[in-house]
Amino acid sequence: MPTLIIDNQSVTVPEGTNVLEAAQQLGIVVPHFCYHEALGAVGACRVCAMLFIDGPVKGMQMSCMVEAKDGMVVSTEAPEAVAYRSQVIEWLMLNHPHDCPVCDEGGECQLQDMTVASGHSVRRYSGKKRTYQNQDLGPFIAHEMNRCIQCYRCVRTYQDYCGGTDYGVLGANQRLYFGRFRDGPLESPFAGNLVDICPTGVLTNKPYRFTSRFWDLQEALSVCPHCSLGCAVIPGARFRELQRVRAGVNPEVNGWFICDRGRFGYDYVNHPDRPRTPLLHGEELPWSEALEALQQRLSELIDRHGSDSIALLGSGRASLESNYLLRRLGEQLGTAAPVYGSHAARDRAARAVTDLAAKLSASLAEVRSSDLLLVMGADPLAEGPMLALAIRQAVRNGGRVMLCDPRPVELPCSAEHLPCQPQELPQLLRILAAGENLPANLQPLADALQQAKRPVLIGGSDLLGAEGSAALLAAAQKLNSAERPCRTMILLPETNSFGAALLAGDGPDFDQLLNDMDSGRIKALLCLEADPLTDCPDRKRLLQGLEQLEFLAVLDHLPSLTAKKADLLLPTTAVAEGAGTLVNNEGRMQAFAQVFSPGEPLRFTGQGGHPPRNFSSTTPGALPCQAWAVLAELCGLPVNLAEIRRELAAKEPRLAGLPELSAEGPGQRVLPGNGASSSVPPAVATADESLQLLVCETLYGSEPLSALSAPLDPVCPHPYVLLQELDAARLGIAADDLVQLTAGGQQLALPARLSSRMAEGLVIVPRLRGTELESFYPGQPPLPCRVEKVSTP
């Protein structure tokens, strides 16, 4: 590793490190704009100039473009370097409008910081400034082109890193314009990263605009709750309101970026209908009385009907500690083990993943460095958007992507698509796991696997199910060796699905709970941040079971259907309002810290005005409590998160690193399981030739938290049905025709969309919450269906 001297300080850095990065390791502040850790250097801004005194390179150089070498002697403080940087900053500031007091970037503006660091403080130019017209870039990004310094970060992020095609640079020389050919919403689902990447106030967060200054926000390190990947985020709150989310940095997971669902899906925390007060039969009561009522009611039912009459339901939305304490409560009451998930098929698929995932699963960092990605039954943009971005980085590094999926899966990079039927996926994986020859039409896949040095098999638990997920793990185990590691990544439905499945072990699932409710054995149900009325595919049967209950208690922070039906409702905190641990789909435990205390946003209580005109000794809406704290009190345990983590780690050996976990680190993998889930499933019979309805997640509108976020309303799709072009032609259906879909005892009139890239005989609808498609559920085998064109008069 090269050793060099910068400002009389010696530093040793890894091979390939540039001199700017070496200076940063020493804590030396070097002005820069075009350089970014995720993007590298292009030498466009010319602000990072240093004087190279000795070594293989001499003279004034752009430090971001020079690789650190042994024997280099460099100065950032030489008068020539200081003068050069000051002059470059002055050139960059010639046309800047100097509108810092009204700029949303104020306080976290790199241009402000670097201008001061470069010694430029007085404007000497008195001529006319170059000006531009701004564009409407959609609901997420505000555009102020006059502040631009032409660093090219936005284009390199949007086009090169994220694969967007509708935003770029136009013009030449001193008349560069960064935007679109015409006004319109940015199409990339990663467009929000322009807010973080822009070093000035050109591209800012439109929903957050003119809301707060950076120094007024309460911020803390957290984990995104909108999919199973567990990206690092930094939420910001003020006036009891979660006002924005920006990307955190976790090199093993999301790197430096996040998706737009994670960035703008935060507003469920501020939802006006969110439960904020304990309710017993619709009447408000203090927490002490609510907990007493819960304990008393459960004790009465146990005395009359036995401990088996009480059922506990956890979820993949709840933290690891909360789900564990639910199990602890069941042990104290003598009930059966909790059920962790309202969708039995999804729960079983998550359990199939937990045994081997920690040993063979790939992090997103490993996906980015893979040379072959085999995506089978997964839709990354819908089920885990940052996985799609990681796949793109693998392609940029020379990797290859092959898709085996019945859906027309979109990726922000080139990929080879091999359409297949849903029921063929487990069969194909079984062949891979057995080391048998693939069918002739899939021979390119076999050849690619044979040549790959770092393959990663990627699957989605919704489409693969428990059998397909187990087969994917078995295939990865078969292909894995010390000489040629093969890793796997399986997308799960919720942020803590892995943690909930790990705690569930071989315990009961929701189908067993429904059977017990049907028999009348269950008299009381306690739900922990679970909404079975929305998530259970057999809603009719569930409603009948709920009607037989004598007591329904719900702990939740969402205005869910189940919460509205509860006899006792205990309001809990959202992720940003508490602390805890989530386990992502690769088995990585990640701690999140509390950002702010719960309370009804001032814009509601003060009718949008500030300062408020009504005063009280209590904070409105401040009663929600952290679920793990409520359960700890019910269990008679100290309300101490560290002690709970130590107890959990002692009881679950796979969670050995939990007590040392910190929100500041990259997280820690759970220990490997015993491999019991790696058995190869039997072949699955193919379906008949009738049309089959497949229900899928979509990027916006499917995930329960972001579906309640107002900033995402403009991009949520309207209901539709997707048909293969050949099937549509056979049925006489054209694009945008109104068709009648009959499936699962329901009839819906929906507009038709067509695709040539999906499997024949398949009909696809997205699961969109709050619409007529909410009653269709992903994670289920395809349903027989009928599609007919609606005749118009």
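Modeller: Glu-241 forms a salt bridge with Arg-603, and their closest N and O atoms are 2.4 Å apart; a salt bridge here is a side-chain nitrogen of Lys or Arg within 4 Å of a carboxyl oxygen of Asp or Glu. The model is predicted, so local features need pLDDT of at least 70 and side-chain atom pairs count only at pLDDT 80 or more, whereas totals for chains, interfaces and linings use all residues. Residues are numbered from 1 along each chain as its sequence is written, and side-chain values use heavy atoms, with hydrogens and water left out.

On the side of domain 2 that touches domain 3, the elements giving two or more residues are β10 (218-219), β11 (222-223), β12 (232-238) and β13 (241-247); strands are DSSP runs (E, at least two residues), numbered from the N terminus.

In all, 23 residues of domain 2 are in contact (heavy atoms within 4.5 Å) with 27 residues of domain 3. The two domains bury about 2000 Å² between them, 59% of it on carbon and sulfur atoms. Buried area is the accessible area (1.4 Å probe) that two parts lose on being put together, summed over both. Val-223, Arg-240 and Tyr-268 supply 31% of the area that domain 2 buries against domain 3, more than any other three residues.

Technical notes. Helix = DSSP H or I, 4+ residues; strand = E, 2+ residues; numbered from the N terminus.
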